[in-house]
Amino acid sequence: LFGKKKKQNMKPEEVLKTMESLRKTIEDIEKRSTLLQNKAQMELQNALQRKKQGDRAGALISLKRKKMYESEASKLEGSRMNIEQQLFAIEGASMNKNIFDSLKTGNQALKQVHGEIKIEDVDKLKDEMEEQQDLVQELNEAISQPIGFMSTVDEDDLLQELDEIEAQEYERDLIEAEPSQKAMIRPVVEQPTLEQQSKEQPQVLSNFAGPAPQQPAKAAGQNNELDELFNSMQM
């Protein structure tokens, strides 16, 4: 009865409410600080105006009010900084709490899923899958085997037959191409050797010396033969 009561943990709704309250306080401080700074500026303008008018006492009062407003605004800024730090810490702690709760929930779900799976069942399923894969392989090999006439055909014989047909085609192409190749072959002109050129050189020089003199005797003999042939034809 006289012992200390245990502290109850704040509910998530209460934490959110506290954070909203801190944010509202920061906004109120900003408004109050802005108002005080504006008043300080107004008092400064009043002090300058009264100084120009020669009201020295009034200028001092305005300056004192300015200092008071600035001091109050500075205090508010310090309080605002403290509240912002506290809000930042609460937000970080709340985020860490959410992360921890998420990890805890995920871990529980993982345990539940793993609790429904046994390692023996996994090994058994794996063996059954391997057996099914072997069966599929055997079925594919059986289905792909040739049947009927195709099962008696020797592939080596077919390849040999294909080589023979290819050789025959090659020989036929050579025979058909022979005449055209002969037509394209040009006679080879033998080039004279140096010795032949030296022997023919005087004859070539003699040809350049001038045309050979005509032989009138030979021409006369040919005319006599023509006359005799003409006379024999008349007889």
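How many of the 235 residues of the chain count as buried? The answer is 8%, where buried means under 20% relative accessible area (exposed is over 50%, partly exposed in between, with a 1.4 Å probe and protein chains only). This is a predicted model, so local features need pLDDT of at least 70 and side-chain atom pairs count only at pLDDT 80 or more, while totals for chains, interfaces and linings use all residues. Residues are numbered from 1 along each chain as its sequence is written, and side-chain values use heavy atoms, with hydrogens and water left out.

**The overall layout**

- The chain has 6 helices and 0 strands; helices (H or I, at least four residues) and strands (E, at least two) are DSSP runs numbered from the N terminus.
- Read from the N terminus, the order is simply α-α-α-α-α-α.
- Take the contacts (heavy atoms within 4.5 Å) between residues at least 6 apart in sequence: 71% of them join residues at least 24 apart.

**Helix α2**

- Helix α2 covers residues 56–115, and its 60 residues should span 88 Å at 1.5 Å a residue. That expected span is 1.5 Å times one less than the number of residues.
- The end C-alpha atoms of α2 are 88 Å apart, which agrees.
- At the start of α2, a side-chain oxygen of D55 comes to within 3.0 Å of the backbone nitrogen of G58.
- G58 is also one of the buried residues of α2, and others include Y69, A73, L76, I83 and L87.
- What do the buried residues of α2 pack against? Their partner is α1 (12–53).

**S33, over on α1**

- S33 sits in helix α1 and is buried, with a relative accessible area of 2%.
- Leaving aside residues up to four places away in sequence, S33 touches A73, L76 and E77.

**The largest pocket**

- A pocket here is an open set of points on a 1 Å grid over the protein atoms alone, with protein on both sides within 12 Å along at least five of seven lines; its lining residues have an atom within 4 Å of a point.
- The largest pocket holds about 270 Å³ of space, a volume being the space filled by probe spheres set on the points.
- Among the residues lining it are M10, P12, L16, I90, S94 and D101.
- Both α1 and α2 give two or more residues to this lining, and α2 gives the most, with 6 residues.
- By type, the lining divides into 6 nonpolar, 2 polar and 3 charged residues.

Conventions:
A polar contact is a pair of N or O atoms within 3.5 Å; within protein, one must be able to donate a hydrogen and the other to accept it, and residues adjacent in sequence count only if both atoms are side-chain atoms. On a 1 Å grid over the protein atoms alone, a cavity is a set of points where a 1.4 Å probe fits but cannot get out, and a pocket is an open set with protein on both sides within 12 Å along at least five of seven lines; lining residues have an atom within 4 Å of a point. Ala, Val, Leu, Ile, Met, Phe, Trp, Tyr, Cys and Pro count as nonpolar, Asp, Glu, Lys and Arg as charged, and the others, Gly among them, as polar.
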